[in-house]
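User: I'd like to work through a protein model with you, step by step. Can we begin once it's on screen?

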Amino acid sequence: MGYVYIVKGGKVDMLKKKSVYIGMIIAGCILVALSGILKGLLVKQIIGIMMGVGASFVGAGVSSLWMKIEEEKNPELKKGNDIIWRDERNVLIRNKARA
């Protein structure tokens with residue numbers, strides 16, 4: 001079952017909210033902590049996967065949240081990012097990369 005996203009102006013509304021990024025950071029921290037707690041109980045591969053996914057969630061969440069905060073402080077940065085997001089060439093490149 002997938003998620004339903006409402007798209008306005010070329011951006012996904014869900015990704016405009018800080019709570020998504022904070023949730024990613026929390027989920028990543030929980031996975032990293034669980035991998036340390038369950039170290040002796042689970043197979044090494046599972047621990048490695050939990051650690052890797054958790055660390056990537058934390059990294060992606062922190063960088064996205066930081067960018068969101070910077071966009072709120074500097075409206076010109078947000079305007080520039082919106083222009084880049086909607087640029088026809090970039091849209092074409094993103095669509096080709098997805099295929």
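User: Which helix holds both Lys78 and Asp82?

Analyst: Keep in mind that this is a predicted model. Lys78 and Asp82 sit four residues apart, about one turn of the helix. The helix they both lie in covers residues 75–86, and that's helix H3.

User: How far apart are the closest N and O atoms of Lys78 and Asp82?

Analyst: Side chains of opposite charge can pair when their charged atoms come close. For a salt bridge, the nitrogen has to be within 4 Å of the carboxyl oxygen. Lys78 and Asp82 do form one, with their closest N and O atoms 3.6 Å apart.

User: Is Asp82 buried or exposed?

Analyst: Buried means under 20% relative accessible area. Asp82 comes in at 15%, so Asp82 counts as buried.

User: How many residues apart in sequence are the parts that Lys18 and Glu72 tie together?

Analyst: Lys18 and Glu72 form a salt bridge, with the closest N and O atoms 3.0 Å apart. Lys18 lies in helix H1 (residues 18–37) while Glu72 lies in helix H2, so the pair ties together parts that are 54 residues apart in sequence.

Methods: Residues numbered from 1 in each chain as written. Predicted model: local features only at pLDDT ≥ 70, side-chain atom pairs only at ≥ 80, totals over all residues. Heavy atoms only, no water. Salt bridge = Lys/Arg side-chain N within 4 Å of Asp/Glu carboxyl O. Helix = DSSP H or I, 4+ residues; strand = E, 2+ residues; numbered from the N terminus. Buried < 20%, exposed > 50% of the residue type's maximum accessible area, 1.4 Å probe, protein only.
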